[in-house]
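Subject: Structure for your review

Dear colleague,

Please find below the structure that I am handing over to you. My notes on what was found in it follow directly after.

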Amino acid sequence: MDCKEAKNRVNGYIEGTLTNKECSEFIEHVRSCPDCYDELETYFIIGYTLDYLDSKDGVDRSFDMHRLLEDDLRKCERRISGQKLMKTLTAVCVIISELSILLGTAVTAIPGAEEFIISVLKLFKAN
Ligand SMILES: [Zn+2]
């Protein structure tokens, strides 16, 4: 991704409208490009300040903007990698189910498989 593309994605990042792929590419770019990081930080500060002014909760908030932006970037990275993991686990469940059908065995015949599939499906629902 070049700087022009990254700058076009700043608003999408702030508004949370980027796809996982776009977000991942964007974060990778801003992590290695100080110019785009500064641009993101500027928009992040504006967004955070407007949000603060709009809120009437009276709660004192941190204004360590660099740390807040880093927390936000890490949160996005964790969300993306969590979703990738869920896709992989779901694919594993599908493969186990299809294999058990192909082999004519019930999933329950594999020790722990049923619990594994149920817990993955619960996690998937929670996300
Ligand atoms: Zn750049």
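Among contacts in the chain between residues at least 6 apart in sequence, what percentage join residues at least 24 apart? The share is 55%. Please note that this is a predicted model, with a mean pLDDT of 86 for the chain and 91% of its residues at 70 or more. Confidence is highest in helix H1, at a mean of 95, and lowest in helix H5 (residues 113-126), at 75.

Overall form

The chain contains 5 helices and 0 strands, so that, as the helix and strand runs are defined, the order from the N terminus reads α-α-α-α-α. Its radius of gyration is 21 Å, whereas a compact globule of 127 residues would have one near 14 Å. The C-alpha trace spans about 60 × 40 × 20 Å along the principal axes. Of the 127 residues, 8% are buried.

The domain assignment divides the chain into domain 1 (1-61) and domain 2 (78-127). The centres of domain 1 and domain 2, taken over C-alpha atoms, are 34 Å apart.

Helix H2

Helix H2 covers residues 20-32, and its 13 residues should span 18 Å at 1.5 Å a residue; the end C-alpha atoms lie 19 Å apart, in agreement with that value. Which residues of H2 are buried? They are Cys23, Phe26, Ile27 and Val30. These residues sit on the same side of H2, because they cover an arc of only 100° around the axis. An α-helix has 3.6 residues a turn, so residues three or four places apart point the same way. Lys21 and Ser32, on the other side of H2, are exposed. The partners against which the buried residues of H2 pack are helix H1 (3-15), helix H3 (34-54) and helix H4 (65-102).

Helix H3

The 21 residues of H3 reach 30 Å from the first C-alpha to the last, close to the 30 Å expected at 1.5 Å a residue. Cys36, Leu40 and Phe44 are the buried residues of H3. They too lie on the same side of their helix, since the arc they cover around the axis of H3 is only 65°. H1, H2 and H4 are included in what covers them. The face of H3 turned away from this buried side carries exposed residues, among them Pro34, Asp35, Asp38 and Thr42, as well as Ile46, Leu50 and Tyr52.

Two individual residues

Asp72 belongs to helix H4. Asp72 counts as partly exposed because it has 17 C-beta neighbours inside 10 Å, a number in between the limit of 12 or fewer for exposed residues and that of 20 or more for buried ones.

Yours sincerely

Technical notes. Residues numbered from 1 in each chain as written. Predicted model: local features only at pLDDT ≥ 70, side-chain atom pairs only at ≥ 80, totals over all residues. Helix = DSSP H or I, 4+ residues; strand = E, 2+ residues; numbered from the N terminus. Rg over C-alpha atoms; globule rule 2.2 N^0.38 Å. Contact = placed C-beta atoms within 7 Å. Domains from an automatic or database assignment. Expected span 1.5 Å × (residues − 1). Arc of directions from axis to C-beta. pLDDT = per-residue confidence, 0-100.
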